[in-house]
Amino acid sequence: MTKNNQKISVAVLCGGPSLERGISLNSARSVLDHLGSLGVDIIPIYFNEQKKAFRISTGQLYSNTPSDFDFKLKTSGKELTTLNLVHILKNVSIVFPCIHGTFGEDGEIQSFLEKNQIPFIGSGSKSCKIAFDKHRANEYIRKLGFYAPNSIVLKITDTKKIIREKIIKFWKDERIARAIVKPASGGSSIGVFSVENIEVAVRSVESLFSKRMDTRVVIERFAEGKEFTVIILQNRLNMPVAIIPTEIEVEYSKNQFFDFRKKYLPTRQVSYHCPPRFTNEIIEKIQIQAEQLFSIFEMTDFARFDGFLMPDGNIWFSDFNPISGMEQNSFLFQQSSRIGFSHQDFFRYLVNNAYFRRGINVHIDKVF
């Protein structure tokens, strides 16, 4: 139910061109399940790999895989012109971008919404753009006094000779035995390689460029610390509040790491600890730094930061996700349950806060 039985409508944006389309669909279904059950009218808008928008029904949102979904669009979806799309989005209470990766978290869709003065949930285009590029984000926070290990960035325009020379120099300067090779932009550990020698590093870079996964590739020392992730929410005073982090226990031998498959598919190779098996001082340090970075990036509403507790006690935030995954068993719900939120409670809180912050005079009942 909504306040005074006033109908609230939320346009959920999902899909997109990245390899995280499937995760986006799951996030959108979660929004539909939990906000829809509160009496909120959900209007799903799907973007295909070419970023073309389609108006779809809530029933269509439950199609199986992205390939199955895209196949059905020709007969079941209604392609929208830019004018059609703007008209729909201007006639809902608020827009909820649930597009992960490129187009959804790099600031592009947020820029479109800002340009058309359409209110939406989540961080703005400027924040997303800074946070999405892993190398630039690390360089930025290092200058502000936060810990970040050295890394190098390789460009698709670099010759094979230059790529090899840069990698050899980095390997020698950093005195490393293992490194991570990954696209400069993106998330969910897609296209990430763990490598133990220069030759494999070179081949990994060439593979990423050949598949056009990014035009820039980052190489950094393999983090031998304890991995964690933390959700940050904004309260009514516009202050960020980091929830209790989750420690991610992964077997790192044989070049294993917390990759896309381990994140989203059932496996016995990963264990989660929430609260983490850290001291209270370390947990508080993670929360304080996460809140500081949320403010520094000028983020809004919610985010998820991934990082490592390094052997020397330093905290390294390696990835900043403006739109956290919202699958039923996601870190977002795991951590919010620690402060007494059901899935439904979380979405109610998020939407009500977004309305309040943007001066929209409606809300879903049971305001926190």
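Tutor: Just after helix α8, arginine 212 takes a positive phi of about 55°. The model is a predicted one, in which local features need pLDDT of at least 70, side-chain atom pairs count only at pLDDT 80 or more, and totals for chains, interfaces and linings use all residues. Residues are numbered from 1 along each chain as its sequence is written, and side-chain values use heavy atoms, with hydrogens and water left out.

Helix α8 itself covers residues 198-210; helices (H or I, at least four residues) and strands (E, at least two) are DSSP runs, numbered from the N terminus. From its first C-alpha to its last, this 13-residue helix reaches 18 Å, close to the 18 Å expected at 1.5 Å a residue; the expected span is 1.5 Å times one less than the number of residues.

At the start of α8, a side-chain oxygen of asparagine 197 comes to within 3.1 Å of the backbone nitrogen of glutamate 199.

Within α8, the buried residues are Ala201, Val202, Ser204, Val205, Ser207, Leu208 and Phe209, where buried means under 20% relative accessible area (1.4 Å probe, protein chains only). These buried residues pack against β6, α7 (160-174), β7 (179-183), β8 (193-195) and β9, contact meaning heavy atoms within 4.5 Å.

Over 5 bridges, β6 pairs with strand β9 (residues 216-221) in the antiparallel sense; two strands pair if DSSP finds at least two bridges between them. In this pairing, leucine 154 stands opposite valine 217 of β9.

How values were computed:
Buried < 20%, exposed > 50% of the residue type's maximum accessible area, 1.4 Å probe, protein only. Polar contact = N/O pair within 3.5 Å; in protein donor to acceptor, adjacent residues only side chain to side chain.
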